Every structure is written in C-alpha cells, then in structure tokens.
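Welcome, and please take a moment to look over the model below.

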Amino acid sequence: MLVYGRNVAKEVLKKPKKIKKIIIQENFDEKSIISLIEKLKLNVEYKDKSYFSRFAKFSHQGIILDIADFEYTDYKEFFDVANAKIIILDHLEDPHNLGAIIRTSEAAGILGIIIPKDRSVDINSTVMKTS
C-alpha cells in the first residue's frame, strides 16, 4: 500500500519493519524525517518532480512510502482484555470518516474498532493519512 505525506511518514517510520520502499522528491527538506531514515539505515529512492506529478491528486508533500498492507486482527482477541472498550462500525464507506473515527478512538483510549468484511471501506492510503 502506498501512503503519502510527512505526518504519515513520521508515524510509519516508528515501525520501520512495515516499510518496503521510500520515495522522496529530490528537493525534500524535512530534516527530521531524513535524519530518522538515515538513523534507521533505510534505502531511499530520490525522484524528480515529474515523477511525483502522477501523484498530484494526493497531498504527498514530497514523500511516498510503500508499506505492507494493513493486517486485520480477529475480533475474538478483544475478549482476552478485561474492560476493553471497542467500537463496532457497519456500512462505513467513506475512508475520510473511518480515518477520523480511528484518530478519535485512539485519543479516547479505545482498544479496537470492528468493521465487517463486506460493505465496509478498506484500510487504504486515505484512511492512513486521515487517521
């Protein structure tokens, strides 16, 4: 899955095992991200502005990460945690809404979110960026 933007990159770099590839625009100047990448000794591909033009509809901010697809967990794992607070969603189709729910749930101390396999939005780059 491709994810875009500086804030998403900072979060993903906290768990670098998920990263397959990092693509940075040649004039990228976010020193904190660059130093973290160097510290973790991750490989980077530098591309020119014309390469990034194909991603114009996304707010990539000069950085794209190719990461492992999101791994879902079986809902039964929540039963093992005493007093676990969870949210159950149904028919949620807008990735922006799911991202906002994830962000709010994390701030509220929610352990997990249950979404159905069918008739629900998948975890994608928009959900990642919004959350």
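Which residues does Ile63 touch, not counting residues up to four places away in sequence? Ile63 touches Val3, Tyr4, Gly5, Arg6, Ala9, Ile22, Ile23, Ile24, Phe28, Ile33 and Phe52. Contact here means heavy atoms within 4.5 Å.

## About the model

This is a predicted model, in which local features need pLDDT of at least 70 and side-chain atom pairs count only at pLDDT 80 or more, while totals for chains, interfaces and linings use all residues. Residues are numbered from 1 along each chain as its sequence is written, and side-chain values use heavy atoms, with hydrogens and water left out.

## Overall layout

The protein has five helices and six strands, and from the N terminus on its elements follow the order β-α-β-α-β-α-β-β-α-β-α. Helices (H or I, at least four residues) and strands (E, at least two) are DSSP runs, numbered from the N terminus. Taken along the principal axes, the C-alpha atoms fill a box of roughly 45 × 30 × 20 Å.

Among the contacts of the protein with a separation of 6 or more, 74% are between residues 24 or more positions apart. Of the 131 residues, 32% are buried; that word means under 20% relative accessible area, with exposed over 50% and partly exposed in between (1.4 Å probe, protein chains only).

## Surface and charge

The accessible surface of the protein comes to about 9,000 Å², and carbon and sulfur atoms hold 50% of it. Accessible areas come from the Shrake-Rupley method with a 1.4 Å probe, and for residues only the protein chains shown count as cover.

In soluble globular proteins, nonpolar side chains tend to be buried together. A nonpolar core is a set of buried Ala, Val, Leu, Ile, Met, Phe, Trp, Tyr and Cys residues joined through side-chain atoms within 4.5 Å. The largest one has 15 residues, and Ile22, Ile63 and Leu65 touch the most other members. Helix 1 (6–12), strand 2 (19–25), helix 2 (31–40) and strand 4 (63–67) are the elements that give two or more residues to this core.

A second, separate core has seven residues, including Leu89, Leu92, Leu98 and Ile123.

## Aromatic pairs

How many aromatic pairs does a search of the whole structure find? The search finds three. Rings of Phe, Tyr and Trp (its six-membered ring) pair if their centres lie within 6.5 Å; planes under 30 degrees apart count as stacked, over 60 as edge-to-face and the rest as tilted.

One of them joins Tyr51 and Phe52 edge-to-face, with 5.6 Å centre to centre and 80 degrees between the planes. Tyr51 is buried at a relative accessible area of 17%, and Phe52 is buried at 2%. Phe70 and Tyr72 also form an edge-to-face pair, at 5.1 Å centre to centre and 80 degrees between the planes. Here Phe70 is partly exposed at 40% relative accessibility, and Tyr72 is partly exposed at 48%.

Gln25 sits in strand 2 and is buried, with a relative accessible area of 11%. Beyond its neighbours within four places in sequence, Gln25 is in contact with Tyr46, Lys47, Lys49, Phe52, His60 and Gly62. Gln25 and Thr104 are 79 residues apart in sequence and 31 Å apart in space, C-alpha to C-alpha.

Thr130 belongs to helix 5 (residues 125–130). Is Thr130 buried or exposed? Thr130 is buried, at a relative accessible area of 18%. Leaving aside neighbours within four places in sequence, Thr130 is in contact with His96, Gly99, Ala100 and Arg103.

## Positive phi in two loops

Most residues other than glycine have a negative phi. Lys41, not a glycine, has a positive phi of about 60 degrees. Lys41 lies in the loop between helix 2 and strand 3 (44–47) and is exposed at 74% relative accessibility.

Gln61 also has a positive phi, near 55 degrees. Gln61 is placed in the loop between helix 3 (49–52) and strand 4, and is partly exposed with a relative accessible area of 38%.
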